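Here's a quick briefing to read with the structure open in your viewer. Take a look first, then go through the points by topic.

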Amino acid sequence: MNQDPLLAGLAALSADAPSGLLDRIAARWVRVPSPLGEVSVASTDQGIAFLRWNEDPGAGDGFAAEFRARFGRPLLPGDRPPAGLLPALRAGKVSGLRLDLRELSDFQREVLTTAQRIPRGEVRPYGWIARQIGRPGAVRAVGTALARNPVPLLVPCHRVIRSDGVVGDYVFGGEAKERLLREEGVDLDGLRRMAGENVFYLASDTTGIVCFPTCHNARRITPRHRHGFRSVAQAESEGYRACRTCRPGEVAA
């Protein structure tokens with residue numbers, strides 16, 4: 001990675017820079033393994049700010065240029081991965097991991113924070129995110145915010161799909177998104193099959209609860225007691241109540 005002109009200028013100073021100044025000006029980057037393969041990760045003094053998949057390591061490294069264009073900061077090699085990064089990439093959980101999302105708007109941060117609540121092995125439709133943040137009419141804007149997620153894998157935007165079971169767009173491409181979901185145990189074929197039958201929610205006649213099909217409560221329903229519905233309203237009209245865990249009733253129309 002070529003040296004950034006700003007860093008070269010700092011190195012040429014006759015006196016040492018004050019302690020901590022360099023980390024406020026530049027970011028640190030490392031390469032680490034992930035479920036998709038090697039990724040490049042940049043972190044600032046506030047937390048992890050940027051992650052990109054090295055899909056073709058032999059094609060050259062545009063990571064520094066992309067980071068500088070987006071954040072206006074140069075990159076320095078890091079000594080080690082930030083604390084908690086490797087477990088977060090392995091297990092899909094970011095509890096305690098510091099993220100630097102300062103460059104995002106309040107709306108974008110809300111979208112990403114909500115996406116973080118989707119458990120591993122489950123998916124939610126774009127409309128669910130819109131409803132959760134109190135903007136039910138902003139489904140398209142939600143998709144745009146997810147597409148600009150600076151830290152995919154750490155904020156699991158791949159767990160947000162279309163209501164018809166189609167995975168939808170993803171910063172690393174639809175094939176990578178589908179691969180991640182299948183590795184997490186999401187039955188995409190089953191979702192598409194149900195969508196083809198106009199079934200988007202599953203209910204149990206033993207618990208009286210209706211869920212998203214990938215909710216862990218829905219996966220416990222045996223075929224004998226499982227009922228499919230087109231909408232939560234249809235399920236509620238037959239006496240079922242919305243699951244308090246996956247909150248299927250909170251979906252934008």
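In this predicted model, helix 8 and helix 9 pack at an angle of about 105°, with 10 Å between their axes. An angle from 65 to 115 degrees counts as roughly perpendicular, so that's the label this helix 8 and helix 9 pair gets.

**Helix 8 and its surroundings**

- On the helix 8 side, the contact with helix 9 is made by E178, L181 and R182, and on the helix 9 side by L188, D189 and R192.
- Sorted by class, that contact between helix 8 and helix 9 has 4 charged residues, 2 nonpolar ones and no polar ones.
- Helix 8 itself spans residues 174-183, and its buried residues are A176, K177, L180 and L181.
- Looking down the axis of helix 8, you'd find those buried residues within an arc of 135°, so they line one face of the helix.
- What do the buried residues of helix 8 pack against? Their partners are strand 3 (47-53), helix 6 (126-132), strand 6 (160-161) and helix 9 (188-196).
- After helix 8 comes G185, a residue with a positive phi, near 95°.

**Helix 5 against helix 7**

- Helix 5 (residues 106-115) and helix 7 (residues 139-147) have axes that come within 9 Å and cross at roughly 80°.
- Helix 5 brings F107, Q108, V111, L112 and A115 to the contact, while helix 7 brings A141, V142, A145 and L146.
- By class, the residues where helix 5 meets helix 7 come out as 8 nonpolar, 1 polar and no charged.
- The buried residues of helix 5 are F107, Q108, V111, L112, T114 and A115.
- They cover an arc of only 160° around the axis, so they sit on the same side of helix 5.
- Those buried residues of helix 5 pack against helix 6 as well as helix 7.

**The cysteines**

- How many disulfides does the count come to? The answer is 0.
- A disulfide here needs two cysteine sulfur atoms within 2.5 Å.
- For C211, the closest cysteine sulfur is in C243, and at 3.8 Å it's too far for a bond.

**A buried threonine in a loop**

- T214 lies in the loop between strand 8 (209-211) and strand 9 (226-229).
- Is T214 buried or exposed? T214 counts as buried, at 6% relative accessibility, and the cut-off for that is under 20%.
- Leaving out residues up to four places away in sequence, T214 touches G121, E122, V123, R124, V186, L191 and R219.

- As background, most residues other than glycine have a negative phi.
- L153 has a positive phi, near 80°, and is a residue other than glycine.
- Where is L153 found? Look in the loop between helix 7 and strand 6.
- L153 is buried, with a relative accessible area of 8%.
- R247 is another residue other than glycine with a positive phi, near 50°.
- You'll find R247 in the segment after strand 10 (241-242).
- R247 is partly exposed, with a relative accessible area of 39%.

**The chain overall**

- The secondary structure of the protein chain comes to 10 helices and 10 strands.
- Of the 253 residues in the protein chain, 45% are buried.
- Among the chain's contacts with a separation of 6 or more, 61% are between residues 24 or more positions apart.

Notes: Residues are numbered from 1 along each chain as its sequence is written. This is a predicted model: local features need pLDDT of at least 70, side-chain atom pairs count only at pLDDT 80 or more; totals for chains, interfaces and linings use all residues. Side-chain values use heavy atoms; hydrogens and water are left out. Buried means under 20% relative accessible area, exposed over 50%, partly exposed in between (1.4 Å probe, protein chains only). Helices (H or I, at least four residues) and strands (E, at least two) are DSSP runs, numbered from the N terminus. The arc is that of the directions from the helix axis to the C-beta atoms. Contact means heavy atoms within 4.5 Å. Axes are lines fitted to C-alpha atoms, for helices over the stretch in contact, and angles run from 0 to 180 degrees between N-to-C directions. Ala, Val, Leu, Ile, Met, Phe, Trp, Tyr, Cys and Pro count as nonpolar, Asp, Glu, Lys and Arg as charged, and the others, Gly among them, as polar. Angles under 35 degrees count as roughly parallel, over 145 as roughly antiparallel, 65 to 115 as roughly perpendicular and the rest as oblique.
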